[in-house]
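Below is a short note on the structure you asked about. Please read it alongside the sequence and the coordinates.

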Amino acid sequence: MIDILRNRRSVRKFEDRKIEEEKLDVLKEALVRSPSSRSINPWEFILVDDRDTLEKLSRSKQHGAGFLAGAAVAVAVLGDTTGSDTCIEDCSIAAITLQYAAESLGLGSCWCQIRLRAHGEDKTAEGFVREILDIQEHYLVECIIGIGYPAESKSPHAHEDLDWGKVRLFSV
Ligand SMILES: Cc1cc2nc3c(=O)[nH]c(=O)nc-3n(C[C@H](O)[C@H](O)[C@H](O)COP(=O)(O)O)c2cc1C
């Protein structure tokens, strides 16, 4: 696990290559094994591998979504706003669990933020994605994780560059 943590970087360029079914099964398993408050599992995940739909999703917002067009799969992470007051936390954990699982399989991934982002002047990114994927009103769209075989390689963040000052020990 620590090697996965050390090596993971956001990947936004992908090979034009499908992800094998067995790997997709592992990614799905990672999602549903993710912990949630009181085990309510207040989420739904929509996997998209259709090129046209990926291209549409890549236009969800003006900046930061373009990479979805080249992903082999995009996973929309939806939070069920009924019955849980922690769906955002639970969805975030599921999304990063998915990213670490992808890394463990030799895949690259990147988070595309949808919640609280604008599509344009009159529409939210959430509203745009809702229409494309036919999502019910009681689900919020937190993010879309783009996944594929990496077509770029990035160095891990160097140990000495990490923000160690943000971590402190409370001592009396
Ligand atoms: C909550 C969250 C939202 C993010 N939104 C986007 C996004 O919309 N588009 C994008 O290209 N990257 C997005 N990222 C990826 C970050 O830019 C990236 O994780 C950060 O720059 C650190 O780089 P690294 O992942 O390679 O360590 C997001 C990451 C997080 C955790």
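1. The structure is a predicted model. Every value in this note should be read with that in mind.

2. Nonpolar surface patch. Three residues, Met1, Ile2 and Leu5, make up a nonpolar patch on the surface. Together they have about 300 Å² of accessible area. Ile2 belongs to helix α1, which covers residues 2–7. Ile2 is classed as partly exposed because its relative accessibility is 45%.

3. Negative surface patch. A patch of negative charge on the surface is formed by Glu21, Glu22, Asp49, Asp50 and Asp52. One of these residues, Glu22, lies in helix α2 (residues 21–32). With 56% relative accessibility, Glu22 counts as exposed.

4. Salt bridges in total. How many salt bridges does a search of the whole structure find? The count is 10. Three of them are taken up in the next points, including the pair Glu15 and Arg17.

5. Asp163 and Lys166. These two residues form a salt bridge in which the closest N and O atoms are 3.3 Å apart. Asp163 and Lys166 are both exposed.

6. Arg33 and Glu29. A salt bridge links Arg33 to Glu29, and the closest N and O atoms are 2.7 Å apart. Glu29 has 38% relative accessibility, so it counts as partly exposed.

7. The side chains of Glu15 and Arg17 meet in a salt bridge with an N to O distance of 3.6 Å. Glu15 is partly exposed, with a relative accessible area of 35%. Arg17 is likewise partly exposed, and its relative accessible area is 38%. As for the pairing pattern, Asp163 and Lys166 were described above as a salt bridge at 3.3 Å. Elsewhere, salt bridges that share partners join Glu15, Arg17 and Glu20 into one network.

8. Cysteines. The structure holds zero disulfides. A disulfide would need the two sulfur atoms within 2.5 Å. For Cys143, the closest cysteine sulfur is in Cys91, at 7.5 Å, and this is also too far for a bond. Cys91 counts as buried because its relative accessibility is 0%. Cys143 is buried as well, with a relative accessible area of 0%.

9. His63. Where is His63 found? His63 sits in the loop between α3 (51–57) and β2 (73–80). Its relative accessibility is 67%, so His63 counts as exposed. Along the chain, His63 and Ala118 are 55 residues apart. In the model, the C-alpha atoms of His63 and Ala118 are separated by 9.8 Å.

Methods
Residues are numbered from 1 along each chain as its sequence is written. This is a predicted model: local features need pLDDT of at least 70, side-chain atom pairs count only at pLDDT 80 or more; totals for chains, interfaces and linings use all residues. Side-chain values use heavy atoms; hydrogens and water are left out. Patches are made of residues with over 30% relative accessible area and no salt bridge: like charges are joined within 9 Å, nonpolar side chains (Val, Leu, Ile, Met, Phe, Trp, Tyr) within 5 Å. Accessible areas come from the Shrake-Rupley method with a 1.4 Å probe; for residues, only the protein chains shown count as cover. A salt bridge is a side-chain nitrogen of Lys or Arg within 4 Å of a carboxyl oxygen of Asp or Glu. Helices (H or I, at least four residues) and strands (E, at least two) are DSSP runs, numbered from the N terminus. Buried means under 20% relative accessible area, exposed over 50%, partly exposed in between (1.4 Å probe, protein chains only). Lys and Arg count as positive and Asp and Glu as negative; His and the chain ends are not counted. The place of a charge is taken as NZ of Lys, CZ of Arg, CG of Asp or CD of Glu.
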